Amino acid sequence: GAHNDQKYKHKDNDTDDTTMRIPILTTLSLILINTNCFAQLVKWNDQIPSAVQPFQNNPQNLAAYAQDNIFIFAHPTTKTTVPTLKKNPQPNANFTTSAIVVSANPQDVAKTLSNFNQYVGLFPTLKSAKIIESSGTIQQVKYKVSIPTPIPVLNFNEDVTMQHQIGQNSISTLVIDAPIPYGVGKFEWFNLGNNKTLITLTQWGDLNQPQGFLFKSILNALPEAKLGIPSGTNAFIMESLKNRFNAKKVTALNPGQFPTLPFSAAQLQKISQLSQVSRQPVSIVHSQTTVPYQHGREDMRFTTTYQYYNQIPQQLQKWTEPSAYKALFPRQIKDIKASTVSPQGQDAEFKVSVGLGVISIPFNFKMHFTYPKSTENNFSANGGDLRYLKGMTQFNPNGNGTLLKMTTAMKVDEKAPFLLRAARSLPYHEMLPAIGGNAVFVQKIRNSES
């Protein structure tokens, strides 16, 4: 798109040489447009950690954490190769991995993941895929990504070009052109036997150098979003693959019940260690559940997030109280009114405005908190603009520190105010707010405590 703008930059009152100028500009434009079409494959050997590396390189070990869910964790900072980043082709990267187990054999998975034309229909928001350059196992593909919303300034339409390199049981990808222009990622797949395959995605993008106007505006106005994007994009891609290969499973929860995770003490210790060495959260996006309300059952999608802190639970218990949230989100939370704590708990009302650079979205939360222990809370919406919000936080002792466990579900319903309802245009809008929100919340606590 940028090259076409050149034609219109020289409008002035000088009409004499316009006749001369048009053919020259047209010729220039054609040259620019054509050089764009002859994409060059970039020489690149990926330096991306394998998803199974922290699990003794054993796919069965990692699969035990994923089970029917999407399992997301981060790697310690490592050097990687990004040849497109000319100033710093070997940046430090914080890779995030997501893992799922699918009911398919590795051959079917390999076929699906390496058929780039068919990504349209597999990943929502992709409108077209065109292979623009190809040599052996390397292909450059131009994708059109479109997310229409009822709010025109938030409409997202971009071309994204990626170079895919197909390996033995992996596909490595280098971003060539996109709103987040510097990024790398890798799909891997592992045979688990019994027609089951572990699929993993490990990726990193430099969120400090966004290009597109919309991305730039949002990330400048809401830098917190950067803390949620790695988990959110991983969850988005894995949810699409899960929907392709697995039958939908829905669990009906009882009143007050949260989805459970059957982790052993050793597995929880491993989760704690993953969070400790990366300083990042570990998240599990649960399969679909329904939650009972007075008017009937609502589909709710829970995410459980773990984060390790060096402080002991008593030092962190203030973060279970609504009054503390303003310290975490001073720009977004305008006002908190909280009742005094009674044996029945506490009611709180939040006036919130989320500035996205191009628009601000105001809304009111009404929440009820209960405190099973001084280091735990349960919370749920009771009215307000986000009627379907439910969760709990627990600051549990872990070695010399704390392992926070936070489980949340958040859904914008069709009765929400217009601006908030725009979120419903996003695919997986019943799942993404909780995974993104949890990741932001637990890391904001980490940043304010360190």
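The model is predicted: local features require pLDDT of at least 70, side-chain atom pairs count only at pLDDT 80 or more, and totals for chains, interfaces and linings use all residues. Residues are numbered from 1 along each chain as its sequence is written, and side-chain values use heavy atoms, with hydrogens and water left out.

**Exercise 1.** Determine which residue in strand 13 stands opposite T251, and describe the sheet around this pair.

*Solution.* 
Step 1. T251 faces T289 in strand 13, and V250 faces Q288 in strand 13. Strands (E, at least two residues) and helices (H or I, at least four) are DSSP runs, numbered from the N terminus.
Step 2. Strand 11 and strand 13 (residues 288-293) run parallel and are joined by three bridges; two strands pair if DSSP finds at least two bridges between them.
Step 3. Between strand 13 and strand 14 there are five bridges, and these two strands run antiparallel. Here Y293 stands opposite G296 in strand 14. The two strands form a hairpin with two residues between them.

**Exercise 2.** State how helix 6 and helix 11 are oriented at their crossing.

*Solution.* 
Step 1. Two packed helices are described by the angle between their axes and the distance between the axes.
Step 2. The axes of helix 6 (residues 225-245) and helix 11 (residues 432-449) come within 8 Å and cross at roughly 150°. Axes are lines fitted to C-alpha atoms, for helices over the stretch in contact, with angles from 0 to 180 degrees between N-to-C directions.
Step 3. Helix 6 is therefore roughly antiparallel to helix 11 (an angle over 145 degrees).
Step 4. The residues of this contact comprise seven nonpolar, six polar and two charged. Nonpolar covers Ala, Val, Leu, Ile, Met, Phe, Trp, Tyr, Cys and Pro; charged covers Asp, Glu, Lys and Arg; the others, Gly among them, are polar.

**Exercise 3.** Is T200 buried or exposed?

*Solution.* 
Step 1. T200 lies in strand 10 (residues 196-205).
Step 2. T200 counts as buried because its relative accessibility is 0% (buried means under 20% relative accessible area, exposed over 50%, partly exposed in between, with a 1.4 Å probe and protein chains only).
Step 3. Beyond its neighbours within four places in sequence, T200 is in contact (heavy atoms within 4.5 Å) with residues including A51, L62, F187 and M238.

Conventions: Angles under 35 degrees count as roughly parallel, over 145 as roughly antiparallel, 65 to 115 as roughly perpendicular and the rest as oblique.
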